[in-house]
Amino acid sequence: MCTTSESPKTDCNQNGIDDTCESPDAHGFIATYFTDKSLTTPFTSRIDEYVNLNAGVDEPWPGAGQTDFAARWITEVDLEFTGFYSFFVTSDDGIRLYLNGELLIDDWRDHSEEEVSVGLFLQDGTYQLML
């Protein structure tokens, strides 16, 4: 597991995440979990194969609390074809979706489970997706 700490094993870009989590050999989503909703206090990081955090009524990890935590997932998406793409996200409370730093979905509020979507025309190529 990749972890954040005051002194990671290696941290070339000084973001508190061990460089093994950000290696080109790492496949999936770089997941960083925070003990606050403002994403300022990272607790741990790891590589997730897909995004599916369902904490239910329990804490997602010891010390996170039941409601006042956040997660951020970052990955690269390689689009082979130019065309129209749809992105769907389901969340229970706040969610934001960025593509290459552009905010596509901004639903950062307390709410029950709901799905939000956005569609856009994209050129083929590589994009950074952050949720």
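Tutor: The mean pLDDT of the protein, where pLDDT is the predictor's confidence in each residue from 0 to 100, is 77, and 69% of the residues reach 70 or more. Over residues 1-8 the pLDDT is below 50, although this stretch has 24 contacts (heavy atoms within 4.5 Å) beyond near neighbours in sequence. Where pLDDT is low, the predicted coordinates should not be read in detail. This is a predicted model, in which local features need pLDDT of at least 70 and side-chain atom pairs count only at pLDDT 80 or more, while totals for chains, interfaces and linings use all residues. Residues are numbered from 1 along each chain as its sequence is written, and side-chain values use heavy atoms, with hydrogens and water left out.

Student: How many helices and strands does the secondary structure of the protein come to?

Tutor: Helices (H or I, at least four residues) and strands (E, at least two) are taken as DSSP runs and numbered from the N terminus. Read from the N terminus on, the elements run β-β-β-β-β-β-β-β. The count therefore comes to zero helices and eight strands.

Student: Which residue in β3 is the bridge partner of Phe34?

Tutor: Strand β1 (residues 29-34) and strand β3 (residues 70-79) run antiparallel and are joined by five bridges. Thr32 stands opposite Arg72 in β3. For Phe34, the bridge partner in β3 is Ala70.

Student: Which residue in β8 is the bridge partner of Leu99?

Tutor: Strand β8 (residues 125-130) pairs with β3 in the antiparallel sense over six bridges, and Val77 has Tyr127 as its bridge partner there. Strand β5 (residues 95-99) is also antiparallel to β8, with two bridges joining them. The bridge partner of Leu99 in β8 is Leu129.

Student: Which residues touch the most other members of the largest nonpolar core?

Tutor: A nonpolar core is a set of buried Ala, Val, Leu, Ile, Met, Phe, Trp, Tyr and Cys residues joined through side-chain atoms within 4.5 Å, and the largest one here has 18 residues. The elements that give two or more residues to this core are β1, β3, β4, β5, β6, β7 (114-122) and β8. Leaving aside neighbours within four places in sequence, Leu99 is in contact with residues including Phe87, Leu104 and Leu122. Those that touch the most other members are Trp73, Phe87, Leu99 and Leu122.

Student: Is Ile105 buried or exposed, and what is its relative accessible area?

Tutor: Ile105 is found in strand β6, and its contacts, leaving aside neighbours within four places in sequence, include Phe87, Val89, Ile95 and Val118. Ile105 and Val118 are 13 residues apart in sequence and 7.0 Å apart in space, C-alpha to C-alpha. Buried means under 20% relative accessible area, exposed over 50%, and partly exposed in between, with a 1.4 Å probe and protein chains only. Ile105 is therefore buried, with a relative accessible area of 3%.

Student: Which residues does Ser91 touch, not counting residues up to four places away in sequence?

Tutor: Ser91 has its place in strand β4 (residues 83-91). Ser91 is buried, because its relative accessible area is 10%. The residues that it touches are His111, Ser112, Glu113 and Glu114.

Student: What value is the phi of Asn100 near?

Tutor: Asn100 is found in the loop between β5 and β6, and it is partly exposed, with a relative accessible area of 46%. Most residues other than glycine have a negative phi, and most peptide bonds are trans. The phi of Asn100 is positive, in a residue other than glycine, and is near 50°.

How values were computed
Pairing = 2+ DSSP bridges.
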